[in-house]
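Dear colleague,

Please find below the structure that I am handing over to you. My findings follow it.

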Amino acid sequence: AVAARVVERATPAFVVAKGGITSNDVAVKSLGVRRADVLGQVVAGVPAWRLGRESRLPGASYVVFPGNVGDADDLANVVETVAGAR
């Protein structure tokens with residue numbers, strides 16, 4: 001619900017979601033994703049998608065950061081990496 005409200009007010013160039021189930025719920029329920037292209041991995045085990053045209057953020061990057069992946073600084077590093085790639 002929070003992600004849906006954010007995209008009503010702004011158009012982020014990317015979204016990073018933390019946790020496998022949470023990432024799925026944000027993508028499907030909040031952003032309306034039905035199709036995405038996998039771009040590769042930002043870091044090992046952390047895939048990046050390009051969201052489909054049907055979504056609320058068509059063409060935006062979406063990073064799925066599983067809950068059991070990474071060290072203490074990895075989430076912040078991934079956000080910095082994706083933000084710098086825009």
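**Findings**

Arg35 counts as exposed because its relative accessibility is 58%; here buried means under 20% relative accessible area, exposed over 50% and partly exposed in between, with a 1.4 Å probe and protein chains only. The model is predicted, so local features need pLDDT of at least 70 and side-chain atom pairs count only at pLDDT 80 or more, while totals for chains, interfaces and linings use all residues. Residues are numbered from 1 along each chain as its sequence is written, and side-chain values use heavy atoms, with hydrogens and water left out.

Arg35 sits in the loop between helix 2 and strand 2 (36-43); helices (H or I, at least four residues) and strands (E, at least two) are DSSP runs, numbered from the N terminus. Not counting residues up to four places away in sequence, Arg35 touches Leu51, Gly52 and Glu54, where contact means heavy atoms within 4.5 Å.

As to the overall fold, the protein has 3 helices and 4 strands, in the order α-β-α-β-β-β-α from the N terminus on. Its C-alpha atoms fill a box of roughly 30 × 25 × 25 Å along the principal axes. Of the 86 residues, 33% are buried. Among contacts with a separation of 6 or more, 46% are between residues 24 or more positions apart.

The largest nonpolar core has 12 residues, among them Val7, Val26, Leu31, Leu51, Ala60 and Tyr62. Strand 1 (14-18), helix 2 (20-30) and strand 4 (61-65) are the elements that give two or more residues to this core. Apart from it lies another core, of 7 residues, including Val46, Val63, Val78 and Val82. A nonpolar core is a set of buried Ala, Val, Leu, Ile, Met, Phe, Trp, Tyr and Cys residues joined through side-chain atoms within 4.5 Å.

Ala60, a member of the largest core, is in contact with Pro12, Ala13, Trp49, Arg50 and Leu51, leaving aside its neighbours within four places in sequence. Ser61 lies in strand 4 and counts as buried because its relative accessibility is 15%. Not counting residues up to four places away in sequence, Ser61 touches Ala13, Phe14, Val15, Leu39, Trp49 and Arg50.

Yours sincerely
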